[in-house]
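This report describes the fold of a single protein and the confidence attached to its parts. The sequence and structure are shown first.

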Amino acid sequence: MYFAALLARTEDGWEASDTELDDVETLSDLADLAREAATDGADDTVLVFIEQEDAWFGVVRVDGEEDPRVFVSNAAVAARSSYGAMLTDELLGHDQDDEEDELETLDLDGTEDGYEDGTAAAEDEPDVIDDPSDGIGSAPAGPLGESAILADLGVSERRLLALDGDALVTIADALGAAEVLEAVR
């Protein structure tokens with residue numbers, strides 16, 4: 001079960017709204033959703049909080065038209081879920097088109113084009129264990145992204161990295177937005 005909320009900074013403080021992520025397929029879609037939540041102007045800061053049952057949380061920060069900034073508390077766990085995978089894939093630079101192109105370069109016998117057997121191709125590849133059945137891919141265990149994402153708002157990098165459990169409430173409390181977040185929770 002996911003919890004997702006938008007926190008938009010205004011002149012009067014923070015405004016929170018819960019949000020459905022059904023139509024969000026990319027980080028760009030999520031950034032557009034955040035920009036729509038900006039109330040005072042195009043340069044407002046909007047935070048997107050995503051949490052999955054205390055297993056992982058993510059924070060996406062959108063400042064006006066700048067590129068979104070992302071932090072995920074546990075990339076390996078997040079990569080197992082659809083919204084978490086969207087964030088971790090973006091951070092790791094994964095592209096589904098790249099994966100499809102990679103699959104197309106293999107012959108049916110599992111060797112790369114131009115090689116008689118898999119030995120020459122295997123020597124060129126680094127030793128990376130990547131079991132697609134586990135859903136993790138190459139996402140590292142632990143935090144991923146910009147850990148100083150909230151430092152200028154009162155949540156230090158060290159504090160963000162130490163959070164677990166109900167982290168989003170702790171972050172909202174540090175921002176002075178706990179009440180507005182609880183209202184949509």
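What percentage of the 185 residues in the protein do buried residues make up? The share is 38%.

## Model and confidence

The structure is a predicted model. The mean pLDDT of the protein is 80, and 75% of the residues reach 70 or more.

In residues 97-115, the model shows 16 contacts beyond near neighbours in sequence. In residues 117-136, the corresponding number is 15. Where pLDDT is low, the predicted coordinates should not be read in detail.

## Overall architecture

The protein contains 8 helices and 6 strands. Read from the N terminus, these elements follow the order β-β-α-β-β-β-α-α-α-α-β-α-α-α.

Among contacts with a separation of 6 or more, 57% join residues 24 or more positions apart. The accessible surface of the protein is about 10,600 Å², and carbon and sulfur atoms contribute 43% of this surface.

The 6 strands form an open sheet with antiparallel pairing, in the order 2-1-3-4-5-6. Strand 2 (13-18) and strand 6 (144-145) are the edge strands; each has a single partner strand, so one side of each lacks a neighbour in the sheet.

Val-72 has Leu-144 of strand 6 as its bridge partner.

## Helices against the sheet

Helix 3 (residues 82-92) packs on the sheet, where it touches strand 1 (2-10), strand 3 (45-52), strand 4 (56-63), strand 5 and strand 6. The direction of helix 3 makes about 120° with that of strand 5.

Helix 7 (residues 167-175) lies across strand 1, strand 2, strand 3 and strand 4. Relative to strand 3, helix 7 runs at about 155°.

Thr-19 is located in the loop between strand 2 and helix 1 (27-37).

Which residues does Thr-19 contact, leaving aside its neighbours within four places in sequence? The contacts of Thr-19 are with Ala-4, Ala-5, Leu-6 and Leu-33.

Key. Residues numbered from 1 in each chain as written. Predicted model: local features only at pLDDT ≥ 70, side-chain atom pairs only at ≥ 80, totals over all residues. Heavy atoms only, no water. pLDDT = per-residue confidence, 0-100. Contact = heavy atoms within 4.5 Å. Helix = DSSP H or I, 4+ residues; strand = E, 2+ residues; numbered from the N terminus. Buried < 20%, exposed > 50% of the residue type's maximum accessible area, 1.4 Å probe, protein only. Areas by Shrake-Rupley, 256 points an atom, 1.4 Å probe, with all protein chains shown as cover. Pairing = 2+ DSSP bridges. Axes fitted to C-alpha atoms, helices over the stretch in contact; angles between N-to-C directions.
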